[in-house]
Amino acid sequence: MAAQSWEDQAQVCRDILAQSIPRQWLLPADKLPSAERTNFLEIPRESGILTETELQITETDATGLVESMAGRTWTAEEVVIAFLKRATIGHQLLNFATEFMVEDALSQARDLDAHFRRTRKVVGPLHGVPISVKEMVSFKDRVTNTGYVSWSSNVASEDALIVRTLRKAGAVFHVRTNLPQTCMHLDCNNNITGRTHNPHNIRLSPGGSSGGESASIGFRCAAIGIGSDIGGSIRLPAAFCGSYGIRPTTLRTPWNGVGLAGEGQEGIRCTLGPLTNSLRDLDLFMRAVTDGKPWDEETSLVPIPWKQLTPSPEFTVGVLWDDMVVHPHPPVQRAMREAVAKMTSAGIAMKDWQPYKHAHGMRIINDLFYPDGAAAQLAALEASGEPWLPLTKEAFTRARKMTAAETWTVNLEREAYRTEYRMLMKEQGVDFILCPAYLGVAAEPNEARYSAYTAIWNILDMPGVVFPTGLKVDPDLDGIETDYKPRSAQDEFEYRAYAPEKFVDAPIGLQLVGNRFCDEETVAASKILETIIRSS
């Protein structure tokens, strides 16, 4: 019998998606946007498909939803239906989903409502909260392909640990979301589901690798999204789509049941974390995860409950304007300047932070991404014969196959670098570092390459929070720096990629980084800074 073509293999997952879409909530042809329109954020309100109450529900953050369900304003079923409607429209416009789980979600919502009617109590801190989930996170009896065509027949035998943990806390999972081929670059496109678009400007990327999640949360198709981050894959997409996200310190969230080629590589760990529409929802999510004590099953996890902190401005922020490798684009520079000016007026202690050996740190992380020379990823691609997408090729050019002894040497370099960076922050009295989340705003498709503004903190294993500044690209304010002299060919390439008219409506996010295992403190400080930065 002839071998099955890669297209036939991919069609398995395409059919799963097509059959799962709740078509009763699709936009009719006369409600579809014109070809000239690029910003889709108001289409749910214009569509007439969602009631005014359903619009209010989907525009409420997860913390507010739980409060409203506990106060009997809304039922879990009402909340889930509202988000399913919005997610259906969102997928029709943005292509962010890989599978809807409508019946499971509605069944669970009804069970939650029955429990509440019976007890007058919510099940847990995420009672009735609709959560979208990156496709690489497994659900029992459903395919997990992680963007590889050859994995289109990988059916999970059980739910991932994070799914089981959050479901016990009351979470409702209604849709799974898109990711890039190999799940190892900063865009969101693969040979199965295709390309996902940015709701602020559909000609731009939603980022990656959690690009389906950033589109979902940016369009409010879910109250919380679960993404993963090994080099910026939560924070960069959140910044691209005007949302919030945290890359937690590794080993604080469970990993069992997640599909990623190269499992067993521990030189640089991937971690799961949330994308949200408020900072307080980062707290809500992380508290729900750690309250579930996932370390009882996944014993490599650090058994640290999430602390409840009262935000206090008694800290010092180091301001990293430029990593001295690739210069940030004008919109990001403007956001940094305005943020620092407002923080100064508010009395926040600050000092300029000079990047410490960032090129060295990036060399270490690039070695540790693929210590086998990307053999695991290549095997998964070659098993189906699917074509490589452009950013996949570029990612693997950095892969260096190392011996065990060479890997140990790089691991030692990593530990020495972490110690040096920590001691430098301590010597200078810096508690947090404010910096860009990316060199620019949301990139054009196939153009997001430079990960160092996020990945440097992965190699240092420092938690990072991304938050929107409330600013967007303004061609009148964000003109090209005509007098800038690039430092290198890489810097020149990124410099020439910028033209303000290409990035209309793109939101501008910033990143706050804290010390290892100071995740709660980093979120608390972000709350203070966001209030200051977004003040008029």
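Glu338 is partly exposed, with a relative accessible area of 30% (buried means under 20% relative accessible area, exposed over 50%, and partly exposed in between, with a 1.4 Å probe and protein chains only). The structure is a predicted model, in which local features need pLDDT of at least 70 and side-chain atom pairs count only at pLDDT 80 or more, while totals for chains, interfaces and linings use all residues. Residues are numbered from 1 along each chain as its sequence is written, and side-chain values use heavy atoms, with hydrogens and water left out.

Glu338 forms a salt bridge with Arg334, with 3.8 Å between the closest N and O atoms (a salt bridge is a side-chain nitrogen of Lys or Arg within 4 Å of a carboxyl oxygen of Asp or Glu). Arg334 is buried at 7% relative accessibility. Helices (H or I, at least four residues) and strands (E, at least two) are DSSP runs, numbered from the N terminus. Salt bridges with shared partners also join Glu99, Asp104, Glu135, Arg142 and Arg176 into one network.

By this rule, the model contains 38 salt bridges. Side chains of opposite charge can pair when their charged atoms come close. One of the bridges links Asp461 to Arg247, at an N to O distance of 2.9 Å. Asp461 lies in the loop between α16 (452-460) and β10 (464-472), whereas Arg247 belongs to strand β5 (residues 244-247), so the pair ties together parts that are 214 residues apart in sequence. Asp461 is buried at 1% relative accessibility, and Arg247 is buried at 0%. A further salt bridge is formed by Asp229 and Arg235, whose closest N and O atoms are 2.9 Å apart. Asp229 has a relative accessible area of 0% and is buried; Arg235 is likewise buried, at 0%.

The UniProt annotation "active site", from an unreviewed entry, covers Lys134, Ser209 and Ser233. These residues span 100 residues in sequence, yet no two of their C-alpha atoms are more than 11.0 Å apart, so they gather at one spot. Ser209 and Ser233 are included in the lining of the largest pocket. On a 1 Å grid over the protein atoms alone, a pocket is an open set of points with protein on both sides within 12 Å along at least five of seven lines, and lining residues have an atom within 4 Å of a point. UniProt positions follow the numbering used here, and annotations may be inferred rather than shown by experiment.

Lys134 lies in strand β2 (residues 130-134) and is buried, with a relative accessible area of 0%. Leaving aside neighbours within four places in sequence, the contacts of Lys134 include Thr177, Glu213, Ser209 and Ser233 (contact means heavy atoms within 4.5 Å). Ser209 is located in the loop between β3 (172-177) and α8 (211-218), and is buried at 1% relative accessible area. With residues up to four places away in sequence not counted, Ser209 touches, among others, Lys134, His185, Asp187 and Ser233.

The axes of helix α4 (residues 62-70) and helix α10 (residues 279-291) come within 8 Å and cross at roughly 70 degrees. This makes α4 roughly perpendicular to α10. Axes are lines fitted to C-alpha atoms, for helices over the stretch in contact, and angles run from 0 to 180 degrees between N-to-C directions; angles under 35 degrees count as roughly parallel, over 145 as roughly antiparallel, 65 to 115 as roughly perpendicular and the rest as oblique. Ala62, Thr63, Gly64 and Glu67 of α4 meet Arg280, Asp281 and Leu284 of α10.

Note on methods: 1 Å grid on protein atoms, 1.4 Å probe; cavity = no way out; pocket = protein on both sides within 12 Å on 5 of 7 lines; lining within 4 Å.
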